[in-house]
Amino acid sequence: MVGIQSADVQNAKVQNLGIQLTDVSKSFGALKVIHGVDIKIEQGEFAVFVGPSGCGKSTLLRMIAGLEETSGGRIEIEGRDVTHKEASTRGVAMVFQSYALYPHLTVFDNMAFSLSVAGRPKAEIAEKVRSAAEILRLTDYLKSKPSQLSGGQRQRVAIGRAIVRQPRVFLFDEPLSNLDAELRVKMRMEIARLHRQIGATMVYVTHDQVEAMTLADKIVVLKSGVVQQAGAPLDLYRNPDNMFVAGFIGSPG
Ligand code: ADP
Ligand code: MG
């Protein structure tokens, strides 16, 4: 068995078991919004797409999720070409803003929803919801309705809905943008803790530079659908490739 395991580890190194975008483009009618994007995200990495409003962050994320067709290029997840594969087969879960919760369902039922729809056995659902609630410190709120929760708790339920599906990849699209400044900082720490705890690959979209700098292993800076630079936060800060990156990341030079 040990031999097989080490072969798997070798394979993981040869293949990229994270996410790879090769020459990905996207047009809406005549409007080209993503231009030949190459991005490599390692397995377990926390990648942040950052850039001003309208630069194409959500479109890129939705193409990774399979919610939006690509106009060109290739998307691989865990070494598998998923470019034209159904969203449900990609092993990814997207975290939406907390207002996407079902107001008439309890916290438990909100988190259980996708598993119930998929017809999973009740015992398995209960186990997964309980385990997610524990990770997110929501155990005492499973019978509450979203309206009885704070903004931060509601956002944790939204994350819980993704966790129960045990995805290998989490995709976040500005999940904290509806929260006030203080809560954003708290939730940022919660998301960092979640990443340390479950170690999944995470792709996080924000227009907030501070959020990007504090959360990311790797930052991808976008402008008008073109990658300006990708790298570790400190590298971008110290060695920005151009004035846009310097200005956006806030480096002195
Ligand atoms: P961001 O998330 O960085 O704010 P988006 O990915 O939402 O940017 O949008 C990138 C560009 O694509 C914008 O110019 C936006 O208007 C355009 N766009 C996004 N979705 C659509 C759509 N469904 N139809 C037409 N244009 C769209
Ligand atoms: Mg967006």
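**Exercise 1. Classify the residues of the shell around ligand 1 as nonpolar, polar or charged, and locate them.**

Solution. The shell divides into three nonpolar, six polar and one charged residue. The classes are set as follows: Ala, Val, Leu, Ile, Met, Phe, Trp, Tyr, Cys and Pro are nonpolar, Asp, Glu, Lys and Arg are charged, and the others, Gly among them, are polar. Its members are F28, V33, G51, S53, G54, C55, G56, K57, S58 and T59; a residue is near a molecule if its C-beta atom, placed from the backbone, lies within 6 Å of it. Helix 2 (residues 57-65) supplies the largest share of this shell, three residues. Helices (H or I, at least four residues) and strands (E, at least two) are DSSP runs, numbered from the N terminus.

The model is predicted: local features need pLDDT of at least 70 and side-chain atom pairs pLDDT 80 or more, while totals for chains, interfaces and linings use all residues. Residues are numbered from 1 along each chain as its sequence is written, and chains are lettered from A and ligands numbered from 1 in the order in which they are written.

**Exercise 2. State the confidence of the prediction.**

Solution. The average pLDDT of the protein chain is 91, and 93% of the residues score at least 70; pLDDT is the predictor's confidence in each residue, from 0 to 100. For the complex, the predictor gives an ipTM of 0.99 and a pTM of 0.90.

**Exercise 3. Describe the packing of helix 3 and helix 5.**

Solution. The axes of helix 3 (residues 107-117) and helix 5 (residues 151-163), lines fitted to C-alpha atoms over the stretch in contact, with angles from 0 to 180 degrees between N-to-C directions, come within 7 Å and cross at roughly 30°.
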